[in-house]
Amino acid sequence: MPFASTNSLFNQQSDRIQEILNKNIEVFLPSLDPAWRDTTVTSQGVGQASLIGRDMKILKIYMGSMAGVLEMADSRNNFVLYGDNTISNVGRKLQTQSIEQVWPDATNGAMARPYRLGIGMKAMVSNLLVTLGEMQAEATPAFIGEIIAPKLEGHARLIAHTLCNYWYVAENDSYRIGQLVFSGAPSAGGAEYTTDLNATTVTWTNAPTSGNVTTATAIRFNVGEKSIDRYAVGMRVDVYTGNTRVNDSTALASQTTSTTTRINAWVAAVDEVKNLVTIAFASALSTAGNLVGGTTYNVYFAASKAQGASGGYGFAGINSWLKSSGNLLGGDYDSANAIDVDTHPEFKSFFKSSVGTLTEHKLRQYLRGFHRAKEKYGQYVDCLIASDGVWLNYEAQKIGQYMLDRTNRLSSLTSEGSQEGFKFTFDGRTYTGYTSNYIEDGTVYGLRKGGANWKKYVPPSPKGTQKFDKAESFVPFEFVAPALGYSSVKVPITRGTGVNSTSLLTEGAQMPGMLRMQLVPDQPAGIKLTGVTTDRQYGE
């Protein structure tokens, strides 16, 4: 034990020795997905704000048809080569000449008809509480560490993390973060519960295969999609079964939009080693029927789905733009300005399901299939993003194909392992491969990042809004209090009290903010492979 033993001088005289605590608090926050940074953020273009029109809508206009009339001249006696064949001789010294051949009728040609894609702007609103007590404590020299700065940093990271999540979640799943089944032990998407998350030793109970569970204060589940990085401590979430919110004080059977009362829920712990996530509730889910054994539940960002409604809210990401059928943007499409990829196949993406082990030959086939279809439109992909374990499995199946030559040589591990990063060259193109723990298990995306393909559109800022200096540079987040007439980003919080409900000042201040943007690619088409075999291990 690396401390002073019980009978040592330093232990016996410990009360006389000053205990020194580090006054700098280490802020322990997860970093963002490297694939998101390298593919979208670093190569991101900025769309012109002047292109955002009425109703905060971006309208992109396309034309994709050949035009005019074109025919071989043989059908017209090649008159453009040899002249019109209409000469008649009149005696030995004269000829008559007439004109018979004509150019094709220009009115027979098709003219390209423009069509439009409408892209609605999306926004998030935020708020952050700061109290006089916190500011007083931070101003006290004897107080250990900072309070306000870590809180601001945590708020900035929450914003960036949420945007990163929206890049991967699917709008056709109502922007669902993940899914779990409340039954049995927490494996393969299963969940368990506890009735006292604050106990010294938390006791987790396996959920029954059927029947109700009451008084649960937290649930813990295995992330079935293996996209563990979608979860971060402090995230506000909602848990739904179907279109009905579970973290609610009203029984599921009687819930309606007007009578439900939401119970706050947060991600309380993320165990990346075991692939486990804990969600804690502000009060026990004591209403019978809110947790039912054997039932499938969905996890969403808090307030990103309306009670009783089928859709969800979110920014457009990969799955909003990569479509093998239906409309670009899916459920968020503009019905008056929609692009159906079956009507306009030049926007269709290359999908392949049940891939199994991704071999080098299969990868060549898929890349060739995409470029065979899209190269004539000037479209291409230049990066491949895969869920954890895809590239490891890709390499594992190649190991048995090669022999290690040790003729007249000693054994050496100097060059063992894998080369840093993943590069794949085929047909003169080099593709960069990334691994992401935000992507659902067994999925590979092929995207174009070159040429600033992905552009961030942001509406003009109202006069007076203030940028958030701790936010990531690519995040167009703004504090709105100065634009609303306040002298700083902080707004006093008041409470109504007394007979006449007089608004009296509290010690709290709020920092309201907003984020308005949309990500739009010039080339939406890409590749999506699913059912890819992965090779991964989790700790005990």
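Predicted model: local features only at pLDDT ≥ 70, side-chain atom pairs only at ≥ 80, totals over all residues.
Residues are numbered from 1 along each chain as its sequence is written, and side-chain values use heavy atoms, with hydrogens and water left out.

The protein has eight helices and 30 strands; helices (H or I, at least four residues) and strands (E, at least two) are DSSP runs, numbered from the N terminus. Of its 540 residues, 43% are buried, where buried means under 20% relative accessible area, exposed over 50%, and partly exposed in between (1.4 Å probe, protein chains only). The protein exposes about 29900 Å², with 51% of that supplied by carbon and sulfur atoms; the areas come from the Shrake-Rupley method with a 1.4 Å probe, and for residues only the protein chains shown count as cover. Among contacts (heavy atoms within 4.5 Å) with a separation of 6 or more, 73% join residues 24 or more positions apart.

Helix 7 covers residues 360-374, 15 residues in total, and spans 21 Å from its first C-alpha to its last, close to the 21 Å expected at 1.5 Å a residue. That expected span is 1.5 Å times one less than the number of residues. Its buried residues are Leu363, Tyr366, Leu367, Gly369, Phe370, His371 and Lys374. They pack against helix 8 (390-399) and several strands, including strand 19 (350-352), strand 20 (383-387) and strand 30 (527-529).

Two loop residues come next. Glycine 68 sits between strand 2 (57-62) and helix 3 (79-82). Beyond its neighbours within four places in sequence, glycine 68 is in contact with Gly109 and Ala110. Asparagine 108 is 40 residues from glycine 68 in sequence, and the two are 7.7 Å apart in space, C-alpha to C-alpha.

Glutamate 225 lies in the loop between strand 12 (216-222) and strand 13 (237-241). Glutamate 225 is buried but has no salt bridge, and the nearest side chain of opposite charge, arginine 176, is 4.9 Å away. A salt bridge needs a side-chain nitrogen of Lys or Arg within 4 Å of a carboxyl oxygen of Asp or Glu; Lys and Arg count as positive and Asp and Glu as negative, with His and the chain ends not counted. Setting aside neighbours within four places in sequence, the contacts of glutamate 225 include Gly178, Gln179 and Ile439.

Cysteine 164 counts as buried because its relative accessibility is 0%. Cysteine 383 counts as buried because its relative accessibility is 0%. A search of the whole structure finds zero disulfides, meaning pairs of cysteine sulfur atoms within 2.5 Å.
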